[in-house]
Amino acid sequence: MTARTTRLDAGVRSALRAVSAAAGKGLGDPGLAELVQIRASQLNHCAFCLGMHLAIAREDGVVREAQLDLLDAWEEAGADVFDARERAALELTEAVTVLTGGFVPDEVYERAARHFDAARLAHLVALITAVNSWNRLMVARRIPPGSTEW
């Protein structure tokens with residue numbers, strides 16, 4: 001696959017990087033941040049972001065291999081693979097990414113709110129939103145995995 005364009009305004013790139021970094025830092029859990037970003041990237045079929053975040057998760061050792069192996073089927077994986085907090089974050093990730101019915105269901109948001117204080121929940125939603133933005137930028141332009149020009 002050839003990229004449609006590798007052109008992205010430097011200001012846009014910097015701003016989105018800053019949002020992603022602030023959201024991830026505010027969440028305070030690098031492993032969970034990678035799981036969320038990988039799951040959204042799976043849903044959006046973003047090969048570039050999948051390649052990048054899987055590499056980060058593996059290289060930094062912030063996510064267990066069993067979690068990476070079973071992330072696409074997290075709902076069926078046992079509690080020994082994904083704990084309740086991780087499940088709530090993944091459920092929220094799917095709800096924000098897919099927006100079935102045009103909104104995030106109250107019960108999904110409330111489940112997440114039981115596991116995250118208001119500040120961390122705000123950062124989680126911001127991180128999910130940021131990775132969705134990155135996914136759409138990369139998929140729309142067909143940026144291949146591992147590309148250094150984007």
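In which hand, left or right, does α1 pass α7? The legends below take up this crossing and several other close-up views of the structure, which is a predicted model.

**View 1. The crossing of helices α1 and α7 in the predicted model.** Helix α1 passes α7 in a left-handed crossing, and the two helices pack at an angle of about 145°, with their axes 8 Å apart. On the α1 side, the contact is made by Arg13, Leu16, Arg17, Val19, Ser20, Ala22, Ala23, Gly24, Gly26 and Leu27; these residues meet Arg120, His123, Leu124, Ala126, Leu127, Ala130, Ser133, Trp134 and Leu137 of α7. Sorted by class, the contact of α1 with α7 comprises 11 nonpolar, 5 polar and 3 charged residues.

**View 2. The largest pocket and the residues that line it.** The volume of the largest pocket is about 260 Å³, and of the 16 residues in its lining, those closest to the centre are Ser20, Gln37, Met52, His53 and Trp134. Two of these residues, Ser20 of α1 and Trp134 of α7, also belong to the helix contact shown in View 1. At least two lining residues are supplied by each of α1 (10-27), α2 (30-43), α3 (47-60) and α7 (118-141), and the largest share, 5 residues, comes from α3. By class, the lining is made up of 10 nonpolar, 4 polar and 2 charged residues.

**View 3. The packing of α2 against α5.** From α2, the residues in contact are Leu32, Leu35, Val36, Arg39, Ala40 and Leu43, while α5 contributes Arg85, Glu86, Ala89, Leu90, Thr93, Glu94, Thr97 and Val98. The contact of α2 with α5 contains 8 nonpolar, 2 polar and 4 charged residues.

View 4. In the model, the end C-alpha atoms of residues 22-94 lie 21 Å apart, and the span is 70% helix and 0% strand.

Conventions
Residues are numbered from 1 along each chain as its sequence is written. This is a predicted model: local features need pLDDT of at least 70, side-chain atom pairs count only at pLDDT 80 or more; totals for chains, interfaces and linings use all residues. Side-chain values use heavy atoms; hydrogens and water are left out. On a 1 Å grid over the protein atoms alone, a cavity is a set of points where a 1.4 Å probe fits but cannot get out, and a pocket is an open set with protein on both sides within 12 Å along at least five of seven lines; lining residues have an atom within 4 Å of a point. Grid points are joined across faces, edges and corners, and a volume is the space filled by probe spheres set on the points. Helices (H or I, at least four residues) and strands (E, at least two) are DSSP runs, numbered from the N terminus. Ala, Val, Leu, Ile, Met, Phe, Trp, Tyr, Cys and Pro count as nonpolar, Asp, Glu, Lys and Arg as charged, and the others, Gly among them, as polar. Axes are lines fitted to C-alpha atoms, for helices over the stretch in contact, and angles run from 0 to 180 degrees between N-to-C directions. A crossing is left-handed if the near helix is turned anticlockwise from the far one by less than a right angle, and right-handed if clockwise. Contact means heavy atoms within 4.5 Å.
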